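User: Please examine the following model and answer a series of questions about its architecture.

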Amino acid sequence: MTDTSRIPDKPALEGLEAKWGGSWEQSGTYRFDREHATRDSVYSIDTPPPTASGSLHIGHVFSFTHTDVVARYQRMRGRSVFYPMGWDDNGLPTERRVQNYYGVRCDPSLPYDPDFAPPFEGGDGKSTKAADQVPISRRNFIELCERLTVEDEQQFEALWRTLGLSVDWTQTYRTIADEALFTSQLAFIRNVERGEAYQALAPTLWDVTFRTAVAQAELEDREQAGHYHRVSFHRPDGGIVEIETSRPELIPACVALVAHPDDERYQPLFGTTVTSPVFGVEVPVVAHHLAQKDKGTGIAMICTFGDVTDVVWWRELDLPNRAIIGFDGRVIAEAPDAITSEAGLAAYAQLAGKTTFSAKQAVVELLRESGDLLADPKAITHPVKFFEKGDRPLEIVSTRQWYVVNGARDEQLKERLLERGRQISWHPDFMRVRYENWVGGLSGDWLISRQRFFGVPIPVWYPLDAEGNPVFDEPIVATREMLPVDPSSAPAPGYDESQRGIAGGFIGEHDVMDTWATSSLTPQLAGGWERDPELFDLVFPYSLRPQGQDIIRTWLFSTTLRAELEHGVAPWSNAAISGFIVDPDRKKMSKSKGNVVTPAGLLEQHGSDAVRYWAASSRLGTDAAFDPQNPTQVKIGRRLAIKVLNAAKFILTFEGAADAEVTAPVDRSMLAGLATVVQQATRALDAYDHARALEVAETFFWTFCDDYLELVKERAYGDPSPEQASAVAALKTALSTLLRLFAPVIPFAAEEAWSWSNEGSVHVAVWPTVDELAGRGEAGVELLELASLALTGIRRAKTDAKASQKTPVARAVIAGPADAIRLLESAAGDLRAVGRIAELSFVEGEELAVVEVVLEQGE
């Protein structure tokens with residue numbers, strides 16, 4: 001029997017997050033039961049660590065809810081769920097936020113100030129220029145990064161708890177903590193030892209604002225306005241070769257002209273030389289298949305370096321390097337050695353120190369004066385490469401950087417990575433193509449070093465020769481026992497600190513690793529690789545990697561790469577890819593567009609279950625539109641959660657046991673239908689289709705409330721009898737089943753209603769099964785549907801007569817096919833009771849219909 005004292009007078013959603021969140025934490029409901037876990041019983045999730053800088057947005061709620069539905073379902077299926085939470089707290093976003101928040105910038109040349117206090121806290125940086133920010137030491141800067149990320153992480157955790165994520169909060173990690181430093185540095189050392197990580201001086205995509213190298217995966221094309229300039233190069237015979245370029249400022253860096261080998265116009269020029277305008281440098285004319293015959297004049301400059309194609313040409317054609325753009329985005333002072341004429345050097349002197357924009361203007365004027373500008377510049381719009389977090393176009397400079405092999409130059413490794421992709425089950429499956437396209441389109445190894453401050457130090461030093469110059473080809477790599485280590489403050493193995501920076505001594509590597517070089521190791525970070533072998537063997541390879549589609553090329557690929565290099569396996573068996581959140585205009589929500597919605601207010605106004613329902617209504621890989629002014633799906637979700645509470649209260653007030661025998665055909669019909677729902681929902685969740693599982697459960701629930709509950713409530717209210725016991729048992733069995741079906745999506749309402757009649761949490765209850773309902777639902781699924789249609793017809797007749805639904809009916813006649821009538825006769829008692837019908841009869845007819853309703857006299 002139900003203890004009705006547990007049921008509140010007026011069930012409500014308000015306050016459930018705090019009530020049950022605290023209860024779950026206290027009882028360890030979601031704690032990973034490591035003691036009893038086996039490899040076969042574990043379901044492990046490689047959770048995305050959100051960037052701990054700023055605030056979470058509605059897209060985070062969307063995708064993390066998808067993951068949480070899976071975690072809750074697998075837990076109810078009896079799996080030991082390993083569901084950690086990570087915080088991605090190193091890298092450029094954190095540094096930029098710290099600069100803006102505190103009004104500071106890092107200057108590694110400054111000494112540490114133990115008493116430093118930032119000029120202010122809470123700034124948005126919009127009115128603060130970099131020149132006005134207070135320079136501080138690297139150590140002071142990192143301390144501020146640590147302080148702010150911890151504050152942000154606490155706010156994020158509070159929001160995740162409000163949302164009801166069933167995370168094991170004892171299993172958290174930070175990508176800048178000592179454990180993460182150890183893991184990242186050890187993996188790097190292993191890469192070096194196996195020849196998978198190497199250092200090279202090479203053209204590097206460079207962000208002049210952040211003063212750091214940028215990897216291929218961090219690029220994005222943005223349409224920019226520009227101009228084509230038609231310029232003449234001079235042939236030895238006095239003729240000219242016309243080229244069109246959008247970057248005339250790079251003419252002093254020109255090392256060749258290039259045309260397609262099949263272009264008959266330029267075939268006679270291959271193997272000859274021409275002279276650059278203004279600067280007078282002799283350059284060869286060469287052939288390459290990447291040249292485009294239909295672009296511009298069909299022949300182009302190769303400069304060091306204007307774009308990534310220049311880098312390909314430079315490398316494959318073995319051309320000289322005459323780079324002129326410095327790390328600050330300005331033309332360097334020293335002219336390339338190839339410029340030897342007095343006029344050329346004088347022209348170059350006019351460019352030195354200028355930004356690329358100013359240098360372009362200067363070169364255009366010089367070309368006009370020399371007569372080599374053959375036409376007025378032609379306005380164009382073209383794609384320009386940017387760092388995804390940057391505000392200025394990237395330049396390409398020559399720098400010494402660290403790389404990790406990724407298959408771009410190793411066909412065997414590339415094929416192994418493609419095979420790992422085929423071994424993973426993708427949800428939805430078409431997302432696999434994005435991974436395969438990325439692997440197939442790689443043009444260079446993975447650049448992992450960054451010229452930043454708040455990140456994992458690269459654990460390397462360099463010996464200094466007798467003149468004090470670094471010997472970069474003989475790096476000194478840290479030993480495992482030294483980890484974690486910062487080479488900028490710890491001496492190299494075999495040296496002491498007094499030898500730092502002097503001839504015959506050493507210098508430490510100042511670069512840090514790209515944040516993806518750490519995030520690519522989240523399975524190892526969370527699973528305790530090389531720190532806790534027992535745990536790692538339990539959880540790795542993981543069961544699931546959930547993530548957004550936009551970081552397949554970065555996070556998913558890099559994690560697959562590191563797992564292949566270190567372990568020779570795919571890091572997970574499943575990848576669940578969420579779609580984007582788009583605004584009402586179908587534009588992707590992003591901070592840069594200013595259309596992001598933060599979830600705190602939404603959760604407070606509508607409740608967490610309502611927001612989770614909205615998220616769970618969208619399938620994986622499908623974009624979802626969200627209108628904060630009219631969140632229709634959120635409101636529907638709130639209505640569902642409230643209805644669950646009210647229906648539960650109503651059902652639990654009936655006297656009777658859930659395990660009584662179910663004998664009435666209509667009750668058995670309802671349970672037969674519910675068994676089908678359980679089967680469909682289970683099949684859908686096994687296929688990572690949470691939206692389908694919710695759809696079938698919700699559709700049945702509203703039919704259950706609107707039709708079945710109304711149909712049998714009079715019998716359930718009646719005096720004790722086998723028929724009354726059957727109704728109550730069916731109602732309570734259905735309620736128990738439905739609460740468990742809804743628990744992954746609306747955990748707070750489901751837990752509240754469950755607690756009124758059960759001990760323990762619904763979230764560790766056994767997932768409903770068809771076998772559980774077998775033998776209690778054999779009357780045919782269609783009976784309930786037929787009875788619902790008949791009841792609807794009787795109600796419509798009363799409505800048409802402008803009578804109350806409580807109006808007694810003297811006589812009612814229902815017609816229908818013989819099979820339908822035979823079934824309906826078994827539900828006659830419920831129809832008479834709920835319809836207040838004195839005389840109910842059935843006749844055969846072609847279609848099911850209420851053919852006569854006679855209200856009692858005086859009504």
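Analyst: Two strands pair if DSSP finds at least two bridges between them. Helices (H or I, at least four residues) and strands (E, at least two) are DSSP runs, numbered from the N terminus. This is a predicted model, in which local features need pLDDT of at least 70, side-chain atom pairs count only at pLDDT 80 or more, and totals for chains, interfaces and linings use all residues. Residues are numbered from 1 along each chain as its sequence is written, and side-chain values use heavy atoms, with hydrogens and water left out.

User: How many helices and strands does the chain have?
Analyst: The C-alpha trace of the chain spans about 115 × 65 × 50 Å along its principal axes. Of its 859 residues, 54% count as buried (under 20% relative accessible area; exposed is over 50%, partly exposed in between; 1.4 Å probe, protein chains only). The secondary structure of the chain comes to 25 helices and 30 strands.

User: What share of the contacts in the chain with a separation of 6 or more comes from residues 24 or more positions apart?
Analyst: Contact means heavy atoms within 4.5 Å. Among contacts in the chain with a separation of 6 or more, the share from residues 24 or more positions apart is 78%.

User: Which residue in β18 is the bridge partner of Val404?
Analyst: An open antiparallel sheet of 4 strands runs in the order β8-β7-β16-β18. Its edge strands are β8 (212-213) and β18 (446-447), each of which pairs on one side only. Strand β16 (residues 395-404) pairs with β18 in the antiparallel sense over 2 bridges. In β18, the partner of Val404 is Trp446.

User: Is Thr209 buried, partly exposed or exposed?
Analyst: Thr209 is found in the loop between β7 (197-207) and β8. Its C-alpha atom and that of Arg639, 430 residues apart along the chain, are separated by 50 Å. Because its relative accessible area is 39%, Thr209 is classed as partly exposed.

User: How is α23 oriented relative to α24?
Analyst: Axes are lines fitted to C-alpha atoms, for helices over the stretch in contact, and angles run from 0 to 180 degrees between N-to-C directions. Helix α23 (residues 782-800) packs against helix α24 (residues 818-825) at an angle of about 85°, with axes 9 Å apart. Angles under 35 degrees count as roughly parallel, over 145 as roughly antiparallel, 65 to 115 as roughly perpendicular and the rest as oblique. The orientation of α23 to α24 is therefore roughly perpendicular.

User: How many charged residues are in the contact of α23 with α24?
Analyst: Glu782, Leu783, Leu786, Ala787 and Ala790 in α23 meet Ala820, Leu823 and Leu824 in α24. Ala, Val, Leu, Ile, Met, Phe, Trp, Tyr, Cys and Pro count as nonpolar, Asp, Glu, Lys and Arg as charged, and the others, Gly among them, as polar. The contact of α23 with α24 has 7 nonpolar residues, no polar ones, and a charged count of 1.

User: How many charged residues does the contact of α19 with α25 have?
Analyst: Helices α19 (residues 690-717) and α25 (residues 828-835) pack at an angle of about 90°, with axes 8 Å apart, which makes the two roughly perpendicular. Glu710, Leu711, Val712, Glu714 and Arg715 in α19 meet Asp830, Leu831, Ala833 and Val834 in α25. By class, this contact has 5 nonpolar residues, no polar ones, and a charged count of 4.

User: What is the relative accessible area of Leu831?
Analyst: Leu831 lies in helix α25. Leaving aside neighbours within four places in sequence, its contacts include Leu711, Ala787, Ala790 and Leu824. The C-alpha atoms of Leu831 and Ala787, 44 residues apart along the chain, are separated by 7.5 Å. Leu831 is buried, as its relative accessible area is 0%.

User: How far from Cys145 is the nearest cysteine sulfur?
Analyst: A disulfide is a pair of cysteine sulfur atoms within 2.5 Å, and by this rule the count comes to 0 disulfides. Cys145 is in no disulfide, and the nearest cysteine sulfur, that of Cys106, lies at a distance of 8.2 Å.
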